[in-house]
Amino acid sequence: MTVPFEVMGGEDGIRALVDRFYDLMDLEAAYAGLRALHPATLEGSRDKLFWYLCGWLGGPNHYIERFGHPRLRARHLPYAIGNAERDQWMACMTRAMHECGIEPALAQALQRAFQGTADWMRNREG
Ligand code: HEM
């Protein structure tokens, strides 16, 4: 079976998605609340999400090799994440997937999987 990592075009395809995601976050007023949670420069965030998604999509485990177990929920605890932040993250990622031309059936499957992770990342009411 072909893993999503390959269907996405390997590292180049995933890097393009992550770059579009953070470019949109930086540029679009609709994601300003999400952007405000992030550091002034997004270079480190780009690398981390890229490394993480490579492994999560069935490719090389770049993130785990560098940082160990992702413990994603714990790593997000310093940031106040409620429904609004989750919805901005999902909207930004959904748009980035669309703009990167990810095949609709794969984009839909990824959207469902991201939604589960994003829901789980919430750490405050509202
Ligand atoms: C639900 C809304 C979310 C918000 C508001 C959010 C916000 C953030 C922020 C502010 C950071 C710190 C950036 C940095 O250290 O440069 C971060 C890190 C990270 N996020 Fe999220 N995130 C969300 C959902 C997700 C999801 C769904 C994933 C994975 C699919 C994800 C993966 C990561 C990874 C891998 C890191 C780096 C963790 C580390 O090594 O410190 N995030 N996120």
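**Terms and values in a predicted helical chain**

Reader: Why is Lys48 called partly exposed?

Author: Lys48 has a relative accessible area of 46%. Buried means under 20% and exposed over 50%, with partly exposed in between (1.4 Å probe, protein chains only). The value of 46% lies between these cut-offs, and Lys48 is therefore partly exposed. The model is a predicted one, in which local features need pLDDT of at least 70 and side-chain atom pairs count only at pLDDT 80 or more, while totals for chains, interfaces and linings use all residues. Residues are numbered from 1 along each chain as its sequence is written, and side-chain values use heavy atoms, with hydrogens and water left out.

Reader: What makes Lys48 a residue in contact with others, leaving aside its neighbours within four places in sequence?

Author: Contact means heavy atoms within 4.5 Å. Beyond those neighbours, Lys48 meets this criterion with Tyr63 and Phe67. Lys48 itself belongs to helix 4, residues 43-56. Its C-alpha atom is separated by 21 Å from that of Val3, 45 residues apart along the chain.

Reader: How do you know how many helices and strands the protein chain has?

Author: Helices (H or I, at least four residues) and strands (E, at least two) are DSSP runs, numbered from the N terminus. By that definition the protein chain has eight helices and zero strands, and its pattern along the sequence reads α-α-α-α-α-α-α-α.

Reader: What makes the protein chain as compact as a globular protein of that length?

Author: The radius of gyration is taken over C-alpha atoms, and the globule rule is 2.2 Å times the number of residues to the power 0.38. For 126 residues the rule gives 14 Å, and the radius of gyration of the protein chain is 14 Å, so the chain is as compact as a globular protein of that length. The C-alpha atoms fill a box of roughly 40 × 30 × 25 Å along the principal axes, and 36% of the 126 residues count as buried.

Reader: Why is the aromatic pair of Phe21 and Tyr22 called edge-to-face?

Author: The structure holds seven aromatic pairs. In the pair of Phe21 and Tyr22, the centres are 4.9 Å apart and the planes stand at 75°. Rings of Phe, Tyr and Trp (its six-membered ring) pair if their centres lie within 6.5 Å; planes under 30 degrees apart count as stacked, over 60 as edge-to-face and the rest as tilted.
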